[in-house]
Amino acid sequence: MSYQHTTSCTVMMLLLLCYSIGLYGQNLADKKVKFSYTDRALDLVLFDLEINEQLKFEYNKEDIDDIRITKSIPRLPLQEALITLLQETDLSFEIKPPKTIVLYKNPDKGKATIASSQYVPQNYNITVSGVLKDKASGETLPYASVLVKDTGNGVNTNGDGYFTIPNVPSDTSLLEIHYLGYHTLLFRLTPDNVRQDLIIQMAVIGQQLQEVVIVAEKEEQLLKASTGVSKVGMTPAAIATLPSFGEKDIFRSLQLLPGISGSNESSSGLYVRGGTPDQNLILFDEFTVYHVDHLFGFFSAFNSNAIKDVQLYKGGFGAKYGGRLSSVVELTGKDGNSQKFNMGGGLSLLSINGFIESPFDDGKGSFLIAGRRSFQSQFYSNIFDDFTNIGSRNASGSDDGATPPGGRRFGQQQVEPSSYFYDLNAKATYRLNQKDILSFSFYNGQDKLDNSRNTDNSAFGNRNIAFGFDRKNTDLTKWGNWGSALKWSRRWNNQFYSNVNLSYSNYYSERDRSDETAITREDTTFTINNGSFEYNDLKDISLKMDNEWQLSSNNLLEFGLQSSYNDIAYQYQQNDTIEVLNRLDQGFTNSIYLQDRHTFSQKLILTGGIRSTHYSVNNQLYNEPRASLTYLLTNKIKLKGAWGKYYQFATRIVREDIQQGSRDFWLLADDESVPISSATHYITGVSYETPIYLFDLEVYLKELDGLSEYTTRFTPSGFGPNSTLNYEEFFYTGSGVAKGIELLLQKKTGRFTGWIGYTLGEVKYDFEAFGDKPFYANQDQTHELKVIGNYKLGKWTFGGSFIYASGRPYTAPIGYYEVDLLDGNTATFFEVSDKNAFRLPDYHRLDLSCTYDFRLGSSKANLGLSIYNLYGRNNVWYKEYEVVEGELLETDVSLLGFTPSLFFNWSLH
């Protein structure tokens, strides 16, 4: 039976193979087909022909919407059958051997014709220009791919959605347009429409509420990772169904990519290829954002309702960008609906959000206002509980990794949080004429956290403690961002485009933490007061001018200038009397850049550029050469590489705090106690891409210099009882190396989409003050694996993500000593282990989500459930240490456990 079954399968496979060979061998136009349909949707008719006749159809879904077919055709040649099928529609077709038929709109409705006979070219080797827009809202679409089909000629739209393609073969060529989250568009040029700037509209891949449409499934792509060296594109629409806390979160989605740490639950900041969050240039409508966290980092500071595009450069970025060492995240805000009024909102267990958008002045202008605010739900309080409860540990320490000598833990603390966050976005855009656009963007966000708590002897569980212990702890923190930008864009002609941008940005943070501890021994009670106050305020005023000059179809020249003024204040006090640091830094960075992108033989793309920056603080000039290349080995295999030099002048310093967890603050480098930091990037890689899959591999090496850290772990040389501490001496500098390998395997299309990402990395720092040998940096993680999946089933979408990461290194105290100061105070210094000598336990978690899309009348809505940390893994965030009556106490601060969340979103259109 098994033999007969195998033989039958073999015969069937041979017959299918012979049939396929025969199909490829014959003239497709002469192929004969027959069919009979009664009131059948055209998309289902085409699907039936694909299956039964071994054909392939390409079309825009919106072109065939609402078309139903009632036809009965005897066996006819394919060409005649298609003309009959499409009669009384506004569609034409083009037959492209071996088996593809392209459908597109025919302006002469009711006459289905063959493309080649419908449009006769009148002009050859022409230049085509235009703008790409969202069909429903009129939003321009930046960084979309516009290709001349069946050629290697193509460009990307710029930040305002404009494009120019020189050397288009003829005025009847076919354009193929791709934009993440939208249906792929085939746009036919005609002698009439190329006489003026094209306005091309694309449709969002919406949740189809009628029959399943095969074409839509083929385009359901979550990210675009094959556009260049270390470059990734995302849109809020594409990542809406990934697991979250009920809100689409751009930065949390970026953390799911290889090369970016995904185990930082306590920060939405990006640790890119061994870098730190301050080494990333975050641009929102061209103003710089210096802090991206809401609510302990569980939310990023950006409302996805206000964002239409995200471009991430993980390294090797061009000369246009400067002032950072690791990466660039460029966020483009929505302009607002230029066609009709729209509004919407959302509700989760943590926050409420809403937006309104509308055109004005007959569509010449548009605006958008979007906002979010948290509320004190039980879910909100649970997050605080998880962040302030103290983990327990058995004596063997089997669950918490290495334990330093003298370690001792205590348990629950009483916490009464009173906290909130909000953010507000507003943008207005006005199209003065065909060439000029004026826009104004505004952002404000703030967090206020009251994490005060009380502790007494019950915190020690059943242990016998020889003293009474009662503590009142005050922990008040607030931080926020202000940002605004005024931009003028002008298209001088089809080849030359300019942007002028004036922006203001402000980041501020304030933390007041104080302890009042009452110790009772027998009949004696005494009180110890400790505390700290920390304040950081950063202002940034910038003027930029960026230019793009399309010299030819193979050559794009970019150049511009940028000037920024920084004013940064930092103050840190202890015990209300000791002023540790009090700095006020001011300075200008003035830059010019030039970059040339050249394509050779439509296979080799070389980009070279240089950026020169004058820094007023030390009156020095810094040159930053950059270069990258991409070589198309075949239509599927691409080789790539990049190299560049980068400098950073405004930097965030890590203040090592063994006792309460390390903090950080912004300063302006002075090239004395805080040097100008620099990095050199080396990147090489290869990618293999098909219409369904992408395999991408990149190897990176990042050499770092001028790194800074602030710590009081060391006693200055010559310090004694009669000495006065100079806290400026506690800045230490060093260098570092980050290196690694990134792998990405992505399934781009179909009902099931997603990716597997793996990073093997190492980050080592070399600070002379910390020893003769390099040590692992705080953000070092050897292994990180991410598995992301998305499955669509009708109106339902199911999502999942799994993250595994090696434990991070940390430093622990092994003892302490006290020094009496001249002012009568006592300074406590810890004796600590070697720098980052211990490792936290490995990190892993599984998140799941499901979303149901439906309509409320003519409006759209979705309802969903997201489960964070499905199996309740107890992942350690950091450890706290303190000395109480000679006891060195160690505390585990853990991250979130099992956390379900519900969400609902609605929009008018």
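In the predicted model, helix α2 (residues 42–53) lies across β2, β4 and β5 and runs at about 145° to β2. Helices (H or I, at least four residues) and strands (E, at least two) are DSSP runs, numbered from the N terminus. Angles run from 0 to 180 degrees between N-to-C directions, with axes fitted as lines to C-alpha atoms, for helices over the stretch in contact. Helix α4 (residues 78–85) also packs on the sheet, where it touches β2, β4 and β5, and its direction makes about 165° with that of β4; contact means heavy atoms within 4.5 Å.

The sheet itself is open and has three strands in the order β2-β5-β4, with mixed pairing. Its edge strands, each pairing on one side only, are β2 (56–58) and β4 (91–96). From one strand to the next, the twist averages 25°. Strands β2 and β5 (residues 100–105) run parallel and are joined by three bridges; two strands pair if DSSP finds at least two bridges between them. Glutamate 58 has valine 102 in β5 as its bridge partner.

This is a predicted model, in which local features need pLDDT of at least 70 and side-chain atom pairs count only at pLDDT 80 or more, whereas totals for chains, interfaces and linings use all residues. Residues are numbered from 1 along each chain as its sequence is written, and side-chain values use heavy atoms, with hydrogens and water left out.

Most residues other than glycine have a negative phi. Tyrosine 143 has a positive phi, near 60°, and lies in the loop between β6 (124–134) and β7 (145–148). The phi of serine 230 is likewise positive, near 60°; serine 230 lies in the loop between α6 (214–218) and β13 (231–234). Serine 230 counts as buried because its relative accessibility is 3% (buried, under 20% relative accessible area; exposed, over 50%; partly exposed, in between; 1.4 Å probe, protein chains only).

A nonpolar patch on the surface has about 980 Å² of accessible area and includes Leu432, Phe440, Trp482, Trp488 and Tyr504. Patch residues have over 30% relative accessible area and no salt bridge, and nonpolar side chains are joined within 5 Å. A salt bridge is a side-chain nitrogen of Lys or Arg within 4 Å of a carboxyl oxygen of Asp or Glu. Two or more residues come from each of β25 (436–450), β27 (468–491), β28 (496–521) and β29 (524–552), and β27 gives the largest share, three residues. Phenylalanine 440 lies in strand β25 and counts as partly exposed because its relative accessibility is 41%.

Terms used: Patches are made of residues with over 30% relative accessible area and no salt bridge: like charges are joined within 9 Å, nonpolar side chains (Val, Leu, Ile, Met, Phe, Trp, Tyr) within 5 Å. Accessible areas come from the Shrake-Rupley method with a 1.4 Å probe; for residues, only the protein chains shown count as cover.
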